[in-house]
Amino acid sequence: IRAQGGYFILYLADRRAGGAAPAGKTTVTLQQLFLPVSTTSPTEAELSAKAKAVQNIAAGARTCTELDERSRQSGAALSRNLGKIDVEQLPPDVQRVILQLGPGQSTPPVRVAEGFLMLMVCDRQVEEPGAEQRAAVERRLRDQRLSATSRRQLRDLRRGALLDIRM
């Protein structure tokens with residue numbers, strides 16, 4: 001590109017759709033409801049009863065504390081708060097389900113080898129993409145300005161110094 005000061009050579013390194021920023025890191029707090037099933041060939045009646053029990057416990061719970069209280073009342077000893085979990089650490093099939101849920105929403109009961117499992121999203125936090133990089137760049141620029149200011153003041157002090165050498 002020809003300009004007043006000369007020629008400029010530009011290179012387009014990458015393109016990004018307008019307004020489409022890369023997704024940030026998503027962290028969720030999960031509450032687990034687990035009802036075990038007997039490991040020695042459970043009957044269909046037992047399985048359907050456990051599935052219905054999980055649905056009944058989860059149906060009245062709107063928050064994780066309510067789900068925790070209801071699971072304790074029902075005797076689900078393995079139900080607990082799983083804490084904060086990075087969604088990327090979850091298995092891909094669980095990731096897809098959890099990303100679609102908002103706080104206070106739960107998954108449908110899922111049959112696993114040991115029983116029935118249901119997860120409820122207590123809290124969701126999405127970090128702004130590049131927030132850490134932005135903070136590091138701001139910190140580096142601030143440090144550079146402070147360094148330049150200190151060098152300038154030291155230079156001015158040296159210039160203005162009066163040396164009196166007597167012999």
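What follows is a chat about a predicted model of one protein chain.

Reader: What kind of model is this, and how are residues numbered?
Author: The model is predicted, so local features need pLDDT of at least 70 and side-chain atom pairs count only at pLDDT 80 or more, while totals for chains, interfaces and linings use all residues. Residues are numbered from 1 along each chain as its sequence is written, and side-chain values use heavy atoms, with hydrogens and water left out.

Reader: OK, how many helices and strands in the protein chain?
Author: There are 4 helices and 6 strands. Both are DSSP runs numbered from the N terminus: helices are H or I with at least four residues, strands are E with at least two.

Reader: And what pattern does the chain follow along the sequence?
Author: The pattern reads β-β-β-α-α-β-α-β-β-α. The radius of gyration of the protein chain is 30 Å, well over the 15 Å that the globule rule gives for 167 residues, so the chain is more spread out than a compact globule. That radius is taken over C-alpha atoms, and the rule is 2.2 Å times the number of residues to the power 0.38.

Reader: What does the C-alpha trace span along its principal axes?
Author: About 105 × 55 × 30 Å.

Reader: How much of the chain is buried?
Author: Of the 167 residues, 22% count as buried. Buried means under 20% relative accessible area, exposed means over 50%, and partly exposed is in between (1.4 Å probe, protein chains only).

Reader: What does Gln 31 touch?
Author: Leaving aside neighbours within four places in sequence, its contacts include Cys 64, Leu 67, Asp 68 and Met 120. Contact means heavy atoms within 4.5 Å. Arg 80 is also among the contacts of Gln 31, and the backbone oxygen of Arg 80 lies 3.5 Å from a polar atom of the Gln 31 side chain. A polar contact is a pair of N or O atoms within 3.5 Å; within protein, one must be able to donate a hydrogen and the other to accept it, and residues adjacent in sequence count only if both atoms are side-chain atoms.

Reader: What about Gln 32, buried or exposed?
Author: Gln 32 counts as buried, at 16% relative accessibility. Gln 32 is in strand β3 too, and among the residues it touches, not counting those up to four places away in sequence, are Leu 78, Ser 79 and Leu 117.

Reader: Which strand holds Phe 116?
Author: Phe 116 is in strand β6, residues 115-126, and is buried with a relative accessible area of 7%.

Reader: How far apart are the C-alpha atoms of Phe 116 and Leu 35?
Author: They are 5.3 Å apart, though the two residues are 81 residues apart along the chain. Leu 35 is one of the contacts of Phe 116 beyond four places in sequence, and others include Phe 34, Val 54 and Val 110.

Reader: Last one: where is Gln 105, and which residues does it touch?
Author: Gln 105 lies in the loop between α3 (92-100) and β5 (110-112). Not counting residues up to four places away in sequence, Gln 105 touches Gln 100, Leu 119, Met 120 and Val 121. A polar atom of the Gln 105 side chain is 2.5 Å from the backbone nitrogen of Gly 102.
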